[in-house]
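Here's a quick tour of some ring contacts and a bit of sheet architecture. Have the model open while you read.

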Amino acid sequence: AKQLLFKNPNEPPMVFSIFPFIGSTVTYGMDPPTFFRTNREKHGDVFTFILLGKKTTVAVGPAGNDFILNGKLKDVNAEEIYTPLTTPVFGRDVVYDCPNAKLMEQKKFMKIALTTEAFRSYVPIISGEVKNYFKKNPAFKGESGMVNVPKHMAEITIFTASHALQGQNVRNRFDESLASLYHDLDMGFSPINFMLHWAPLPWNRRRDHAQKTIAKIYMDIIKERRAKGDDGTEFDMMKHLMNSTYKDGTPVPDHETAHMLIALLMAGQHSSSSTSSWIMLRLAQNPEICEELYQEQVKNLGADLPDLTYEDLAKLPLNQHVVKETLRLHAPIHSILRAVKSPMPVPGTNYVIPTTHTLLSAPGVSASDPAYFPNPEVWDCHRWEADSPNAPTIVRNDASVEDEEKIDYGYGAVSKGAASPYLPFGAGRHRCIGEQFANLQLQTIIAETVRLFKLSNIDRSRKLVGTDYQSLFSRPLEPAFIRWERRD
Ligand code: HEM
């Protein structure tokens, strides 16, 4: 009661709510960006709200991003928060079901398989999958049509990612049993499971069955591959992980390889599929950009539009900027959470965040702040060109570079630059390892799509659907129909 009556002057301002336990859960959950914006206007860059009974402290802006994402191991912890949700889905002993040091090694294994050499082989694989999809899918028969774009982008994402990362063998199984198993596994990846992950509910039973079955399929393939011996023809993530060894000399056990493969597919699937859907919706909203993208390929790759290569992608800056700009306004991960392990003073303030709080980082707030991005609400892929009037005014705050930032964690994701306003892939020790793969995958999907189609809204308007924040990764509200027209 004392706590309720007397506010501790060292704690950040509290968002008011009349509901005990529920607090601001509903207003936050319906529309996190609006919740962050309104409360930032009222309380400043650091404030606390009640999320399902838990005091949750938000710190926004480049300094806030740095404070949370670059937090030290002794101060912040991700696995404690994520594990109830992720462990039943990924399986044991990987990612958040192990100490952070082990995750660092696992990320290093994953990262090594994502090299330039691998990327060169992935572009033709992804191109082939996209072309094949548009050729075979009945929704794209004829000269024009209307499609609910997220449904198709989800399928294209899983076909391209499974083929590139897990090999032809695994990809083929997605035409049959694996697609529906992954669908069941996905049911476990919903925010309600932060609370109900343990409950013997029908969807959790299906989740557990799917996890076991998929892991067994992968482990059987691993066994087969070990028995067959390496003929050197396949280069994929599975081959790399199954032959990796921890620093202490322990070879990665097969169940861990299987579980890492599940984690990689799940992490990539939702974020990339949401992003590619937003890209197609933005192109439909801005048909002139769709045309510019096509002309960019004609100009920079040649009018005969040869088969795409990894090197070609570097010759298509607008194609790259479309991905970058879409992630600025539609980052699929709107909230990143950490448990507080020791009281954390917030630099430049009197606040000390106690261990009873959870920290919430929302880099999307600075990515849509006019202080860094002129006319932030406008989706303008040209803003990433140096002479654009909307070009970002990014200020790097090097004063905040701490010793730990200089550590190279070994997977290339040195945490320098966590004080940036633009961090769709996170920062610090939990930074995304899939950034380059996602970029390559998204850029290839766009390039192949604009070769085949012109896109527009079905009523030719400039409207855009709203965002669905109810699932763990934000995505377009469905149905989200667009119109396609085949190029001559
Ligand atoms: C971590 C975003 C695609 C694998 C993260 C984080 C973000 C993110 C924000 C940090 C989470 C945190 O700090 O709690 C994205 C976006 C993507 C994308 C926007 C696509 C547009 C991928 C892909 C893969 C992947 C394709 C796999 C190939 C991972 C992994 C982590 C991660 C393994 C590390 C988790 C950790 O260390 O805690 N991603 N990601 N991501 N992502 Fe991605």
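Phe119 and Tyr122 are both buried in this predicted model. Their rings also make an aromatic pair of the edge-to-face kind, with 6.1 Å from centre to centre and 65° between the planes. Both sit in helix α7 (residues 116–136), and since they're three residues apart there, about one helical turn separates them.

That's one of 24 aromatic pairs in the structure. Another brings together Tyr82 and Tyr96: the planes meet at 55°, which falls between the 30 and 60 degree cut-offs, so this pair counts as tilted. Here the ring centres are 5.0 Å apart. What does this pair tie together? Tyr82 belongs to helix α5 (residues 79–90), while Tyr96 is in the loop between α5 and α6 (100–112), so the contact joins parts 14 residues apart in sequence. Tyr82 has a relative accessibility of 16%, so it counts as buried. Tyr96 is buried as well, at 18% relative accessible area.

Rings can also gather in a group. Tyr133, Phe134, Phe140, Phe159, Phe453 and Trp484 are linked into a cluster by ring pairs.

| Arginine | Ring | Distance from ring centre |
|---|---|---|
| Arg328 | Phe373 | 5.2 Å |
| Arg487 | Tyr294 | 3.7 Å |

Now for the sheet. In general, strands of a sheet pair through backbone hydrogen bonds, in either a parallel or an antiparallel way. In this one, three strands line up in the order β4-β12-β9, giving an open sheet with antiparallel pairing. Which strands stand at the edges? They're β4 (144–148) and β9 (453–456); each has a single partner strand, so one side of each is left without a neighbour in the sheet. From one strand to the next, the twist averages 30°.

Zooming in on one pairing, β4 runs antiparallel to strand β12 (residues 481–486), and five bridges connect them. Along that pairing, Val147 is opposite Ile482 of β12.

A helix joins in too: α18 (residues 435–452) packs on the sheet and touches β9 and β12. The direction of α18 makes about 95° with that of β9.

Definitions and conventions
Residues numbered from 1 in each chain as written. Predicted model: local features only at pLDDT ≥ 70, side-chain atom pairs only at ≥ 80, totals over all residues. Heavy atoms only, no water. Phe/Tyr/Trp six-rings, centres within 6.5 Å; stacked < 30°, edge-to-face > 60°. Helix = DSSP H or I, 4+ residues; strand = E, 2+ residues; numbered from the N terminus. Buried < 20%, exposed > 50% of the residue type's maximum accessible area, 1.4 Å probe, protein only. Lys NZ or Arg CZ within 6 Å of the ring centre and 35° of its normal. Pairing = 2+ DSSP bridges. Axes fitted to C-alpha atoms, helices over the stretch in contact; angles between N-to-C directions. Contact = heavy atoms within 4.5 Å.
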